[in-house]
Amino acid sequence: MVQAIVVLAHWGLMSEGHRPGPAPTEDLRTTEVDLGGLVSVLATHLYSTPLVALRELVQNAHDSHTRRRLEDPDGRHAPTIRVRGDSARRTVSIADTGAGLTEPEIHAYLATVGTGYTRLLREVTGNDELIGAFGLGFLSAFSIADEVTVTTTSHREPALGHRYRSRGGEQYSVEPVAARRTPGSVVELTLKTEHAHLAEEQALREVLGRYCVLLGVPVFVGDDERPVNDVPVPWREEPAGDPYAARMRFATAFGRRFEPLAAFPVGPAAGGTDAVGLLWVQDGGTYGSSDNRDLAVYLRGMLLSEDARDLLPSWAGFVGGVVESHRLTPTASREDLQRDEHYRALQQALADAVVDGLYETARLRPAAWRRILARHGQDLLGAALCDDRLFTLLADDVPVPTSQGDLTAGALRAAGGGAVHIALGSGGGFEEMLYRAMQVPIARGDRYAVLPFLRRYAQLRDCRIVELGSEHGNRELFRDPERPLPAEERAWLAAALADEGEQLVPARFEPPGLPLVLVPDREAELKARIEDDQADARIPSAALRLARAFTARTGGEVKARLYLNLAAPAVQDLLTAYRSGHTGAATAAGLLRSLKVIMAAAAGPSGTSPAGDLSAALAGIGTAVSALTAALPAGLPAVPDTLPDLPEALPGARPDASGGGPDEGAGA
Amino acid sequence: MSTDIWAWVHDAHQQLAEAGHHRLAEAIYELPGHANEGRNDQLDAVFPEAVATARALDLPWVEVYLRHWRMQNLLNKRHQGEQALPEAVDLLEFAHREQTASCPQSVCVVQDFAICHARVDGPGFVPERLAVLSETLDRIEPARACFDCLSREYSDALEDDGRPAEALSHLDTAATRMRAAGQRLSLHFHHSRAGTLHLLGRDEEVLALLDTAEQAERARGSELNESDRRWGAMLRARALARLGRVEEALALLPAADEAEQHPDLRPAWVATIEILHAAGAHENTAELGAAVTGWVGYLDATGSHRPCVDLLLAAGRLALARGARTVALTLAATGERKLTQLRRTDGVAGQVAELRAAAEALPEPELPVPPGELLALLAARAEPGAPEADADLIAAARSRYQGDEAGATDLVLQLAGLLGALGHTRAAADLLWERLDQDPGHEELTGLLGAVLIDAGDGDGVRRLADRLMATSPADAHWTRARWAAAESRWAEVGEHCAALLAEEPTRINTRRLAAAAATELGDHPRAQRLYEEILLHALPAEGTPPQEQHRTVQESDLWHLVTAATANRDWPAVRAAGARIGIEFDEPEGPVDEEWQLVTVRAARANGTAADLPAVRTGPATARLLPVLGDDLDLNHGDVVVFAPALLERPPGEDAPQQVRERWRPVFQLLTLLDPAGYTTWWIDGAWPGDKKWAAFRQDLNEAGYAVWAYSSDEYAVTDPKDEDEMLPGIYAAVGVPPTARAAEADAVLRRLTKRWKHPLAWLDLAKAAGVDTARHEETVERYGL
C-alpha cells in the first residue's frame with residue numbers, strides 16, 4: 001500500500017507538465033506511465049476486489065454528467081448511466097449521457113495517471129459532487145479487462161466520434177468513428193477470463209445496487225426499466241408517509257445480512273461532523289460472535305468503504321448503517337478512511353446517535369424495544385457498561401442470564417428478597433447447593449458483563465448484592481444465631497459432627513430444611529498447595545520463598561467451616577434430645593454427619609474437601625437406620641448412643657448394632 | 001518452552017474460532033488491550049466469562065493467559081496491593097503445575113507476583129524482588145517480549161532501593177541485549193526509562209526520549225493508544241514542570257478527573273501538582289486535598305501500603321502549605337498507622353515524623369468564644385465556613401474543653417463529620433470509635449458511627465459496634481443492626497431487631513416506622529397496620545413538641561401508610577378513620593371503599609421483572625381497578641382491584657410543560673398487592689381490522705355481555721391481504737377478557753356471533769382449542785392472513 005501511494009505521488013507531479021499534442025490517430029501511442037507496473041499495483045495492492053474497478057468506471061460516468069452540467073448549465077440533457085453485461089462475449093459496458101471527450105481530452109485524461117480532469121475541475125469549481133480523486137479510475141479497468149474501448153462524443157463536438165482502444169493499457173490507439181446519437185461515452189471491457197463472472201447482469205445488479213444506492217444519477221443494468229438505485233433515501237428527500245416506515249424500508253433494502261429491528265437517523269452534529277445517514281439495529285447475530293457491526297460509508301454518493309465498522313462504538317456489535325459525508329478523506333485505495341479529526345468527530349456522533357436511537361426506540365416503539373432486548377441482551381449488558389446514558393436506559397430492562405432463565409435485574413432482586421445474587425464460580429460448590437435448596441434465582445456471574453452490570457445496578461438502585469463464591473458473599477449467607485450456644489453444647493456438636501480440620505460454626509441460614517453445610521477454606525487450600533513439597537520442583541525458588549512467606553501468615557489448621565443451621569428443625573431437635581439426655585442423640589448426630597459428607601462429596605470434586613470418608617458416611621447411614629429400627633424390649637437403652645468406630649470396620653461390613661465402639665462422639 | 005507469546009495467542013485464537021468458541025477467541029484478542037489501556041469496566045465484563053469458558057474447555061494455558069492479563073490490570077492500572085496478593089499467589093502456583101509449566105506466560109506470572117510485592121511495599125521487598133526477577137531473567141532470552149517487562153521491573157526495584165543510576169544502566173544494558181537479539185523496545189520500556197531519567201533530574205532527556213520513542217512507534221504505523229497518550233502527556237508535564245516550563249506543563253497535565261479515573265496516574269499527577277504549586281502555577285485548595293486524601297484511602301483499602309504512605313506524605317505537604325493543621329495531623333496519624341504495615345521505613349518514617357512536627361508547629365486558631373459555645377456560634381453563621389478552618393477551630397475547642405462528656409462528644413461528632421467530608425473516612429470512624437470509650441451511652445455518637453460504618457459497607461465494623469453496645473445499651477445495639485439489615489434489604493432481620501428493640505423501649509416511634517416498612521416489604525400487612533396504629537398510640541402531640549422531637553409526632557405519611565396497610569387487610573373502618581385524619585372525603589360513609597375517583601396508572605412488574613404501566617380507575621385512597629386485559633406475563637387481569645402505595649412515582653409535569661403533556665399525565669403508583677381478583681381469562685384475537693364502526697360495536701357488545709377487550713396492535717400493524725400476497729391490510733391484535741362465569745365454549749360462541757358479518761374473519765386459535773370446537777377455520781385464517 002505504501003508503495004502504491006509513493007508511485008501515485010510521483011505521477012501526480014509528472015502530470016503537472018504539458019501533455020503532448022494530439023498525434024496522428026493511426027499511431028499506436030505509448031501511455032505516459034509504465035502501466036505494466038502500475039496496473040499490477042492496482043490489481044494486487046490498491047484494491048481489495050476487482051469489483052472496485054466497476055465502481056471507478058460508474059463513478060467516471062457520474063462525474064461526466066456533473067461535468068456536463070457545469071460546462072453546459074443551460075443544455076437539456078437527461079443523465080443516465082446504463083451498465084450491460086454479456087456473458088457470452090465476456091464483456092461489460094458502461095454507457096453515460098454525459099460530457100463525452102474530444103480527442104485531445106482522450107490523450108490527456110484517459111492515458112495519464114495521477115491527474116484527471118475531475119480533480120482539476122473540483123479544485124477550480126469547488127463542486128463536491130465530483131467523485132474521482134486520483135485520476136486512477138479509468139486505468140483500473142485494466143486490472144479486470146484484457147481490452148478496453150471507449151467510444152465517445154463530446155457535447156462540444158456533437159458531430160464527431162472517437163474510439164480509444166487498448167490492450168493491457170500500455171499502448172493505445174484512437175480512431176475516428178461515427179458520432180454517438182447523443183453525446184456521452186461508452187466504455188466496453190473485454191474481461192479477463194478470471195473475471196468473466198462480472199459480465200452476469202444479476203451480479204451487476206447486486207453490486208451496483210449497493211455501490212450506487214446514494215448516487216443521484218439513475219443507474220440501469222441491462223434493459224431494466226427500474227434503476228438499481230431507486231430506493232428512496234430517507235434523509236435526502238421528505239418521504240411520503242411515516243418517516244419511520246421510510247427508514248425501515250431503506251434499512252431493509254440495504255441491510256443484506258440481517259433484517260432491521262429498529263432504525264434511527266444520523267444527523268449532522270453541532271460543530272462535529274457533516275455526516276448524515278441511517279443506523280439500524282440488526283436482527284440476530286452470527287453464531288458465537290457478537291461483533292456484527294456493519295457500516296457503509298459513502299463519499300459524494302459513492303460507496304467508499306463497505307466495512308467501516310471502526311467508526312461505530314466497539315460495544316455496538318448489533319448495529320448496522322449507512323452514512324455519507326463530504327469531510328472524510330479516503331486513503332489512496334479509496335476503500336478506507338484516514339483517521340483524522342473528522343473521522344473521530346464522526347465516531348463520537350455515531351456513538352451518540354446509537355444511544356439516542358435506542359432511547360427513542362424504548363420510548364416510542366416498545367415492541368421493537370422488547371425484540372432488541374431479547375435478541376441483543378447480552379451485548380447490551382456490556383454496552384451499558386461503556387456508556388452511562390445507556391446504562392440508565394438499560395438498567396431495568398435488559399435481561400440477565402440466571403439459574404432460572406433470563407431475568408431482569410429487578411426480577412432477580414424481587415425473587416432474591418431484595419438482594420441480587422450472583423454466582424462467581426462456574427457452578428458447583430456448596431453455594432449452589434444452598435441456593436438450589438432455597439430456589440432463589442442466581443445470576444450467572446461467569447457470563448459476559450453480568451457481574452459488573454449487576455454491581456452497578458445495585459449501586460444505582462441501592463440494593464444489596466450477594467456475590468456467591470467470594471468470602472464476603474459467603475458470609476452474607478450465614479447469620480449469627482440469636483443466642484450463642486453454651487460452650488459445652490458446642491463442644492459436643494463439634495465432636496459429633498466435625499471431622500479433623502473442620503471448624504463448627506453455629507449459624508442460621510436458609511432454607512431451614514438444610515441442617516448443615518461444609519464450606520472449604522480457600523486460603524487453607526492454597527497454603528497446602530504452596531507448602532507442598534512438590535512445589536519445590538515446579539516453582540522457581542526465590543518466588544516460592546516469597547509465596548511461602550505469604551501463606552505462612554494463615555494458620556491453615558481450619559480446612560473447612562461446618563455451618564450448623566440452628567434455625568433447622570433437625571438441629572433444634574438434635575439439641576433438645578441432647579439436652580434431655582435422649583439416647584437417640586448420638587445416632588441422630590451420626591446421621592447428620594453422614595449427610596454432611598455426602599453433600600460435600602456431591603458439591604465438589606473429591607480430594608478438595610476435607611470432609612470424612614464417603615463410604616464410611618454411607619455405612620453410617622446404614623448403622624443409624626438399623627439402630628433406629630432395631631426391635632428392642634421396651635425400656636432397654638440398647639440403641640447405641642455413640643458412633644461405632646467406622647473407619648476400622650471392614651469396608652461394606654455392617655457394624656454390629658449392639659456392640660457399639662469407643663465413645664468418640666460422647667461429650668456428655 | 002514456547003518463545004513467542006503472540007504467535008501462541010494467534011494460534012490459540014485461530015483454534016478456538018475454528019472450534020466454534022468465538023467468544024473466548026475474541027476475548028483472547030481483546031483482553032490484553034482492555035487490561036493495558038485501563039478499560040477496567042470492559043475487562044471486568046469479559047474476564048469472568050472467558051475464565052469460566054477456559055476452565056470448562058480444560059485449557060489451562062488460556063486460563064494462565066487470561067488471569068495474567070487481568071493481574072496486570074489490577075496491579076499496574078488499579079494499583080492494588082495486598083488485595084491482589086492471594087490471587088497472585090494462587091496464579092503463581094497454578095502457572096507452575098505440570099499442565100501449565102511450559103505455557104509461555106508462566107514467566108509473566110512470576111513477574112506479576114514480583115510486581116504485586118512492589119505495590120504492597122516496593123522498598124520493603126527489594127531483595128526478594130531482585131532475587132525473583134534475576135532468577136527469571138536467567139531463564140529467558142533477550143529476544144522474548146518478557147525480557148522487556150522483566151528488565152523494567154528489575155530497574156524499578158533498583159529505584160525503590162534508592163539506586164536510580166544503577167536502574168538506568170540496567171535498562172541500558174537490557175536495551176543493548178534486546179536490540180542485539182533483534183528485539184524492538186516497547187513504548188513502555190521508554191516510559192520506564194523516562195521515569196528513571198526524571199529521578200536522576202535529567203528532564204531535558206525525558207522530553208527528547210519521549211519524542212523519539214513516540215515517533216518510532218508512529219513510523220512503524222502503530223497508533224498510540226489512549227493510555228500511551230495519557231502517559232506521554234503525564235511524563236512530559238512532570239518533566240516540563242520541573243524544568244520551569246509551567247505553561248507547557250499545565251497544557252499537557254491530564255485533568256483531575258482523569259487522575260480520578262486512572263489510579264496509575266495519581267502519584268505522578270500529584271507530584272506534578274506539587275511542583276506547579278511551588279512555582280505558583282497551580283492552586284492548592286481544600287477540594288484538591290480531599291481528592292488526594294480519597295486516593296490515599298483507596299491505596300489504604302487495596303493494601304498498597306507503601307504507595308499509600310508516599311501519597312499521604314504529598315497530601316501532608318499540600319495540607320501544610322494550606323496551613324490546614326488538623327488535616328495535616330490526621331494525615332500524620334494515618335501515616336503512623338501505615339508505617340506499622342511496612343517492612344522498611346527508612347526514608348518515610350522520618351518524613352511522617354516531620355509531617356507531624358510541622359503540623360503541630362502550625363498555629364492553633366484563636367477561639368472567638370469559650371470552647372463549649374463554639375458549635376452554637378458556628379451553627380449560627382449565615383454562610384458555612386471553610387471546612388478545614390472549621391476543623392481547626394473545633395479541634396482547638398476540643399483540646400481546651402472542660403465541660404461535661406456530652407459536650408465533648410458533640411465536638412467530636414462535628415469534627416468527624418468534617419473529616420469525613422474532607423476524605424478522611426477511616427480517620428473519622430476511628431475518632432468516633434475512640435470517643436465511644438469515653439462516652440458509651442451517647443445516642444448521636446453511636447448513631448453517627450453506625451451511619452458511617454453502614455455507608456462504608458463495613459459489616460464487620462457494624463457487628464463490632466453492635467456487640468459492644470449490647471452490654472451497655474441493647475436498644476442502640478438492635479437499632480444499629482436493624483439499620484444495617486435495612487441497608488442490605490434483609491427485611492426479616494429488620495423485623496427481628498426492631499421487635500427486640502421495642503421490647504426494651506416500647507415507646508419508640510422511628511423503630512416502628514422501620515419495622516412497618518420491613519413488614520410491608522415482606523407482605524405482612526396485618527403487622528404493618530398494627531405497627532402504624534401503635535405509632536398513633538405512642539406519638540407525642542403535634543403541639544407543644546419541640547422541633548428536634550417532631551419526628552416523634554404523627555406524620556401524614558404514617559397515616560397514608562396506615563390507610564394502605566388497612567386497605568390490604570380490608571379493614572375499612574380503619575381506612576376511613578385514618579383517611580378522615582388526612583382529610584379524605586368519601587362518597588359513601590361506611591362499608592368497603594369502592595368509589596370512582598380518577599384515572600391513574602398502576603406500575604406492576606412482569607414475570608421477567610420489567611415494569612408494566614397499567615391504566616386503572618382509582619376506587620379509594622389506595623385502591624384501583626385495572627382496565628386492560630392482560631397477558632400471562634402478569635399475574636393480574638382486567639377488573640382486578642389492587643392496592644397501591646399512594647406515593648407518586650413520577651412528578652406531575654410543571655406549569656410550563658406543553659398542554660398536551662399536562663393533559664395526558666396520570667398519577668403513577670406502585671402496585672403493592674392484589675386485593676380482589678375479578679377472575680377474567682385472557683384469549684387473543686388476531687386478524688384484519690374491521691373498521692372503526694364495527695370495532696366500536698364489537699367492543700360495546702362484548703362489554704354488555706360482561707366481557708372486556710383491549711387492543712394491543714398499533715396503527716402500524718398489518719396483515720397479508722389474501723387476495724394479493726404483496727399487499728397488506730391494516731390489522732388488529734387484541735386481548736379478550738372472558739368473565740369467570742363464562743366457559744370457553746360460550747366465549748367462542750359470543751365471538752363467532754359478534755364477528756359473523758365481518759368481511760375478514762378473525763382468528764382465536766387457542767380459545768377454539770380450549771372450547772373444543774373445530775380449529776380448522778382459525779388455522780386457515782392464520783395461514784391466509786399471514787398471522
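**Exercise 1.** Leaving aside its neighbours within four places in sequence, with which residues is Leu92(B) in contact?

**Solution.** The model is predicted: local features need pLDDT of at least 70, side-chain atom pairs count only at pLDDT 80 or more, and totals for chains, interfaces and linings use all residues. Residues are numbered from 1 along each chain as its sequence is written, while chains are lettered from A and ligands numbered from 1 in the order in which they are written. Two residues are in contact if their C-beta atoms, placed from the backbone, lie within 7 Å. On this basis, Leu92(B) contacts Ile539(A), Ala543(A) and Ala547(A), together with Val109(B), Val110(B) and Phe113(B).

**Exercise 2.** State how many residues each chain brings to the contact between chains A and B, and describe the side of chain B.

**Solution.** First, chain A and chain B each bring 40 residues. Next, H3(B) gives the largest share of the side of chain B that touches chain A, with 10 residues; helices are DSSP runs (H or I, at least four residues), numbered from the N terminus. Finally, this side of chain B holds 17 nonpolar (Ala, Val, Leu, Ile, Met, Phe, Trp, Tyr, Cys and Pro), 10 polar (the others, Gly among them) and 13 charged residues (Asp, Glu, Lys and Arg).

**Exercise 3.** Determine how H8(B) and H9(B) are oriented.

**Solution.** The helices, residues 145-160 and 164-180 of chain B, pack at an angle of about 165 degrees with axes 7 Å apart. H8(B) is therefore roughly antiparallel to H9(B) (angles over 145 degrees). Their contact includes Phe147(B) of H8(B) and Met178(B) of H9(B).

How values were computed: Helices (H or I, at least four residues) and strands (E, at least two) are DSSP runs, numbered from the N terminus. Axes are lines fitted to C-alpha atoms, for helices over the stretch in contact, and angles run from 0 to 180 degrees between N-to-C directions. Angles under 35 degrees count as roughly parallel, over 145 as roughly antiparallel, 65 to 115 as roughly perpendicular and the rest as oblique.
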